[in-house]
Amino acid sequence: MDDPSRIVQAKADPGHNCLEVRNLVVEFPNRHGTLRALDDVSLSIRPGEILGVVGESGAGKSMTGLAIQGLLERPGRIASGEVWLEGRRIDGLSDRQMEKIRGKEIGAIFQDPLTSLNPLFSVGAQLVETIRQHMPELGKAAARGRAIALLKEVGIPAPEERVDHFPHQFSGGMRQRVVIALALAVNPRLIIADEPTTALDVSIQAQITGLLRRLCKEHGTAVMLVTHDMGVIAETADRVAVMYAGRLIEIGPVETVLKSPAHPYTRGLMASIPALGARVEHLHQIDGAMPRLNAIPPGCAFNPRCAAAGPRCRRDEPALAPVGQGAAACWLHEGGVA
Amino acid sequence: MTTARTTALEVTNLDRTFDVSPPFLNRVLYGQKRRHLHAVSDVSFSVPAGGCMSLVGESGCGKSTVARLVTGIYAPTAGEIRFAPGKSGAPLSAQMIFQDPYASLNPRWRVKNIIAEPLRELKLRATEAEIQDRVAELLGIVGLNAADGAKFPHEFSGGQRQRISIARALASEPEFLVCDEPTSALDVSVQAQILNLMRKLQDELGLTYLFISHDLSVVRHMSDRIAVMYLGRIVEEAATETLFADPKHPYTRLLLQTIPNVNDPQRDRVAAEGEVPSPLNPPSGCTFHTRCPLATDQCKAQRPELVEKADGARVACHFA
């Protein structure tokens, strides 16, 4: 068990999807009606693949991750749709059943490593707790050995000493490595990483995304990488899903979506990023802001901000349809007339 | 941007230390020592009138402390901050735009009162009617509606709130704006709106900016000159194009190499190891030597001075 290279057994089988989300709808009922936070989201991730999920704040990207893990806060609920993990349907399971899946089959990495670790316990104690919770057959010593091997695997120097240190004794980047070790503790099939690098400095960010990529490829773990940073997506993800106002509006291989985006929103988003290469006088800007959930316009949610919007966009909601190697939800690609 | 370049702000040998000692009783009972954090050491730079100077660096490098020193929120421990005379003859007045538009606007005040506060406080307008006219004008300048003044901050999106912050900063007709990470709390599509607005205001009102950011692509878009800071010191300072075309300090090169690039992603890059050391206990000599690929014994022993090169760049490195 102490051999770090075998700590997470690879079970790569490109034929099947590790995670499959079908037509997921998440609703938050309140006094004034029902807010639809996710509207008909479908996506899948293969083993060993990193799917980037991008969007602005409030687009529903974190909500998708939470819904998959069964962590929606009440009164939020999955109104319809299905979530399949390794061929098993996991939406609608009881809290107790989900607890067994979280940590064991789905690992989670959150944005702020300081709040996702308990400051009162050493990182070793937290790792051992997770390991023994899901692998009761391991003794205390074996679990500690595994904790040390995990810390070594995520690149923490002197893991035999560091295992007894407390979270505050680690720097931000090292802390995020500990969180990754926690997520990996019991060989999950899927890791949901929600803004894992946002709280870190750029030079550390590159270390963490590199680590995620290496672990994902070596162990065949599927990764859902939720971020608002297109640069991180470009350098880390294999495929990318773009979300807007709770809907999935474009999905495809990362090169295609970033180089030749099919949806006008993705196109605008890409153009509004200041380029490192050349300086322009005026940045492209998308006027307005994403609608709030209680004021999503009829038809395509993006139509009030879209330069190409026609009468059909204001009337009917476009569905995700194949465009080139990916898919986009835009009337422009269906018959070419908005 | 103006062609005739006079200096708007001259900062010389700026120093700021913070007392981070343990409480008095701990010192007496446990013999713990006083501790001082050297947040900014020997920082000198100048900002040309009508231009934009940027400070970049990772968290803890002292860039926000410099911003607060310049606006007078902190007093310098040593060194000098000198504003050139403005249009009126008195030294240029500076205003600040903060990072988080959710925290920097009072949630219980209506927007018109938030913007009017500097006008009332500094008695810049005589009558209430004049104040309201000016507020409406300011809202128009930043691209909001005059009717928006009656609303509360929570009714606005992040980008609109940052517009309100800008309107408040412009209320006292400053000639110098210190912008501390003005777009890092915003989404990219909104960030572009705010950056465009700031560029437009610079051209129309002849503003001078001191821009603080950790995002090199934003900095490149906005600034004429860039100073890179590391552990409280400027390690390289150059014109924007010079810095990007020919970065001389190994830390600048590290920063440029590690930013994820959307247009030209390097998926197989080897990330540089190491992290920023604690500013409480900075390394000896050149503070970057712990992470520097070029470091020698000389770097560990002797701190390099900031030296001006032929192309106008200033670099603090023994090997530049």
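## Terms and model

A residue is buried if 20 or more other C-beta atoms lie within 10 Å of its own, exposed if 12 or fewer, and partly exposed in between, with C-beta atoms placed from the backbone. By that rule, buried residues make up 52% of the 338 residues in chain A. In chain B, 44% of the 320 residues count as buried.

This is a predicted model, in which local features need pLDDT of at least 70, side-chain atom pairs count only at pLDDT 80 or more, and totals for chains, interfaces and linings use all residues. Residues are numbered from 1 along each chain as its sequence is written, while chains are lettered from A and ligands numbered from 1 in the order in which they are written.

## Chain A overall

Chain A has eleven helices and twelve strands. Helices (H or I, at least four residues) and strands (E, at least two) are DSSP runs, numbered from the N terminus. Along its principal axes, the C-alpha trace of chain A spans about 65 × 50 × 40 Å.

Two residues are in contact if their C-beta atoms, placed from the backbone, lie within 7 Å. Among contacts in chain A between residues at least 6 apart in sequence, 66% join residues at least 24 apart. UniProt, in an unreviewed entry, places the feature "domain: ABC transporter" at residues 19-270 of chain A. UniProt positions are given in the numbering used here, feature names are shortened, and annotations may be inferred rather than shown by experiment. The end C-alpha atoms of residues 19-270 of chain A lie 28 Å apart, and the span is 38% helix and 27% strand.

## Strand β10 of chain A and its partners

Strand β10 (residues 247-253) of chain A is mostly covered, with six of its seven residues buried. Six bridges join β10(A) to strand β9 (residues 239-244) of chain A, and the two run antiparallel. Strands pair if DSSP finds at least two bridges between them. In this pairing, A241(A) stands opposite I251(A). β9(A) and β10(A) form a hairpin with two residues between them. A245(A), in the turn, has a positive phi of about 50°.

β10(A) also pairs with strand β12 (residues 326-328) of chain A, through two bridges and again antiparallel. Here E250(A) stands opposite A328(A).

## S44 of chain A

S44(A) lies in strand β2 (residues 33-45) of chain A. Is S44(A) buried or partly exposed? S44(A) is partly exposed, because 17 other C-beta atoms lie within 10 Å. Leaving aside neighbours within four places in sequence, S44(A) is in contact with N17(A), L19(A), E20(A) and V21(A). S44(A) and N17(A) are 27 residues apart in sequence, yet 6.4 Å apart in space, C-alpha to C-alpha.

## Chain B overall

Chain B has ten helices and eleven strands. Its radius of gyration is 21 Å, close to the 20 Å that the globule rule gives for 320 residues, so chain B is as compact as a globular protein of that length. The C-alpha trace of chain B spans about 70 × 55 × 40 Å along its principal axes. Of the contacts in chain B between residues at least 6 apart in sequence, 67% join residues at least 24 apart.

The UniProt annotation "domain: ABC transporter", also from an unreviewed entry, covers residues 9-256 of chain B. The end C-alpha atoms of residues 9-256 of chain B are 27 Å apart, and the span is 37% helix and 25% strand.

## Where the chains meet

The contact takes 35 residues from chain A and 34 residues from chain B. On the chain A side, α7 (202-219), α8 (230-236) and α10 (264-271) each supply at least two residues. α7(A) gives the most, with six residues. The chain A side divides into 16 nonpolar, 14 polar and five charged residues. Ala, Val, Leu, Ile, Met, Phe, Trp, Tyr, Cys and Pro count as nonpolar, Asp, Glu, Lys and Arg as charged, and the others, Gly among them, as polar.

In helix α9 (residues 250-258) of chain B, the buried residues include Y251(B), T252(B) and L255(B). The buried residues of α9(B) pack against α7 of chain A, together with α7 (216-222), β8 (225-230), β9 (233-239) and α8 (240-245) of chain B.

## The largest nonpolar core

A nonpolar core is a set of buried Ala, Val, Leu, Ile, Met, Phe, Trp, Tyr and Cys residues joined through C-beta atoms within 7 Å. The largest has 188 residues. Those with the most contacts inside it are A181(A), L190(A), M224(A), Y244(A) and V228(B). Helix α6 (residues 172-184) of chain A gives the most to this core, with eight residues. Not counting residues up to four places away in sequence, V228(B) touches residues including V56(B), I234(B), Y251(B), T252(B) and L255(B).

Methods. Rg over C-alpha atoms; globule rule 2.2 N^0.38 Å.
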